[in-house]
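Here are a few exercises to work through with the model open beside you. Try each task before you read its solution.

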Amino acid sequence: MKAARLYAKEEIRVEDIPMPKISADEILIKTGASFICGTDVRFYQNGKPNTASEPLVLGHELAGTIAEVGSAVTNYAVGMRVAVAPNYGCGTCDQCVSGDSHLCRDSVAIGVNVDGGFAEYVRIPAPAVRQGNVTPLNQTISFAEAALAEPLSCVYNAYEKIGIYPGDRVLVIGAGPIGLMHARVAYLAGAATVFINDISEERLQLTQKLIPDIITLSSKNLEAELRDATNGRLADVVITAASVGAIQEMAFKLAGLNGRVMFFGGLPKGKSCVTLDTNEIHYKLLTVCGTTRQSLRQYRHCVRLIESGRLQVKDLITASAGIEDIEQVIGAIAAGKGLKSAITF
């Protein structure tokens with residue numbers, strides 16, 4: 001089969017490798033679509049330990065068709081269309097039995113620790129099968145849309161953690177695909193106004209086209225523009241949808257009294273210590289949260305949201321390419337071109 005494997009920093013090779021063999025309690029999936037995300041770009045740009053001797057197939061946003069089912073697996077059948085949540089845990093720790101297997105101390109992720117979706121076929125390990133990481137799809141949803149349930153459910157996790165309520169004023173900083181997902185979830189939750197900010201005028205224009213009701217704010221004097229737009233009240237919720245320390249530093253100034261601030265997405269290693277004015281938290285009574293990944297409940301919930309048509313993701317797909325072009329696609333994403341880019345088979 002064809003697969004794109006990471007060997008070292010800025011070295012990814014498209015190769016013919018043997019198809020994975022599955023055990024009695026595993027599933028083999030024929031990939032329908034798999035997306036490149038910021039995590040894949042970082043791995044490409046910075047490398048990963050041990051890949052020189054054990055090259056890794058990246059890709060943790062994926063969906064496809066079941067090609068083979070182990071003899072001990074129940075409730076799944078060859079030919080089923082499915083989406084795959086990437087994170088699975090040990091299955092027995094307090095986090096796992098509480099439904100938070102993504103927070104397991106021994107958590108593993110498909111496309112991060114074991115081979116993922118940038119290949120024609122993907123082996124789903126037994127713990128992931130047992131924990132329910134494989135979600136059947138109906139016929140109304142494409143593989144590309146289903147694969148986007150992974151980033152959407154990360155966004156949904158943040159929504160549940162920080163809370164967005166009818167009438168809220170929400171500011172999203174970062175107009176990439178994640179930022180647009182945050183905006184759409186906020187509207188679905190009943191936000192009265194959603195503002196979005198980005199340093200890229202091109203992305204702000206694209207956002208306005210995709211979400212006409214959204215209000216775009218420039219980066220030249222963001223706080224002043226937000227004050228003018230809210231009659232001085234600022235935002236009830238501020239979401240940092242870009243991994244930049246300076247954005248986290250200014251987030252507190254943009255939140256109003258009793259506001260909530262969501263730090264979405266981690267900062268690069270070595271750059272995670274930032275200067276924060278804690279008086280802003282103290283005197284404004286702010287709530288500050290962070291989230292990572294998603295639970296399987298949240299993942300399946302987002303699959304259903306996409307299937308129902310209540311939350312649109314199809315228009316976030318701005319590029320599609322075959323596996324042979326994966327390096328060029330990674331380069332385009334790193335340069336901030338477009339939104340979501342699919343690798344299709």
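**Exercise 1.** Check the span of α11 against what its 13 residues should give.

*Solution.* Start with the expected span, which is 1.5 Å times one less than the number of residues. For the 13 residues of α11 that comes to 18 Å. Now take the end C-alpha atoms: they sit 18 Å apart, so the two agree.

A word on the ground rules: this is a predicted model, where local features need pLDDT of at least 70, side-chain atom pairs count only at pLDDT 80 or more, and totals for chains, interfaces and linings use all residues. Residues are numbered from 1 along each chain as its sequence is written, and side-chain values use heavy atoms, leaving out hydrogens and water.

**Exercise 2.** Work out the strand order of the open sheet and find its edges.

*Solution.* The 6 strands run β13-β12-β11-β14-β15-β16, with parallel pairing; a pair needs at least two DSSP bridges. β13 (215-217) and β16 (287-291) are the edge strands, each pairing on one side only. Between β15 and β16 there are 5 bridges, and Phe264 has Thr291 in β16 as its bridge partner.

Notes:
Helices (H or I, at least four residues) and strands (E, at least two) are DSSP runs, numbered from the N terminus.
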